Amino acid sequence: MRKGIPTKKLTKGVKAFFWMIAENAFSTYLVLLFGGLILSSIIFYRYTPTFQRVELLPEDTQQMFQYELFERMVSEWRARTEKSQEVETTLYSNPFIPTFLLLEGISEELTEKQP
């Protein structure tokens, strides 16, 4: 008696399976969907880090709030804010007012009415 996998029956079954998939679009969709689910679940469980308990440090070894660094950051922030407020803004002409109105002085009245 011969031991092992019956290759003729196996190849015949595999060929029949692939012919069925090729002939039916819905079965192709189902096979690809479940194949993708199985593959993604294998990858997920393989590469997901295992959760471990983290030991907390005692209170005396934890980092404390550094007030000097905080004060330097706040002073730098205030200095930058003051510098940005000191910059004079350039007034640009309004491109929506025609140039002939500028010559007649009507644009001054229009610009005063604008918010």
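Which side chains meet in a salt bridge? In this predicted model, in which residues are numbered from 1 along each chain as its sequence is written, the side chains of R80 and E76 form such a contact, with 3.1 Å from N to O, where a salt bridge denotes a side-chain nitrogen of Lys or Arg within 4 Å of a carboxyl oxygen of Asp or Glu. Local features were taken only at a pLDDT of at least 70 and side-chain atom pairs only at 80 or more, whereas totals for chains, interfaces and linings use all residues, and side-chain values rest on heavy atoms, with hydrogens and water left out.

By this rule the count of salt bridges comes to 1. Both partners, R80 and E76, belong to helix α3 and are 4 residues apart, about one turn of the helix. R80 is exposed, at a relative accessible area of 57%, while E76 is partly exposed at 41%; here buried stands for under 20% relative accessible area, exposed for over 50%, and partly exposed for values in between (1.4 Å probe, protein chains only). Side chains of opposite charge can pair when their charged atoms come close.

The secondary structure comprises 5 helices and 0 strands, in the order α-α-α-α-α along the sequence, with helices (H or I, at least four residues) and strands (E, at least two) defined as DSSP runs numbered from the N terminus. Helix α3 has 20 residues and spans 28 Å from its first C-alpha to its last, close to the 28 Å expected at 1.5 Å a residue, the expectation being 1.5 Å times one less than the number of residues. Of the 20 residues of α3, the number buried is 1, so the helix lies largely in the open.

Confidence, expressed as pLDDT (the predictor's confidence in each residue, from 0 to 100), averages 78 over the chain, and 70% of the residues score at least 70.

Of the 115 residues of the chain, 5% count as buried. The accessible surface amounts to about 12500 Å², with 63% belonging to carbon and sulfur atoms, as computed by the Shrake-Rupley method with a 1.4 Å probe. A nonpolar surface patch of about 650 Å² is made by I5, L10, V14, F17, F18, M20 and V31, and helix α1 (residues 7-23) contributes its largest share, 5 residues. L10 lies in helix α1 and is partly exposed, at 48% relative accessibility.

The structure also holds 2 aromatic pairs. In the pair of F44 and Y45, the ring centres are 5.3 Å apart and the planes stand at 75°, so the arrangement is edge-to-face; rings of Phe, Tyr and Trp (its six-membered ring) pair if their centres lie within 6.5 Å, with planes under 30 degrees apart counted as stacked, over 60 as edge-to-face and the rest as tilted. Both F44 and Y45 are exposed.

How values were computed. Patches are made of residues with over 30% relative accessible area and no salt bridge: like charges are joined within 9 Å, nonpolar side chains (Val, Leu, Ile, Met, Phe, Trp, Tyr) within 5 Å.
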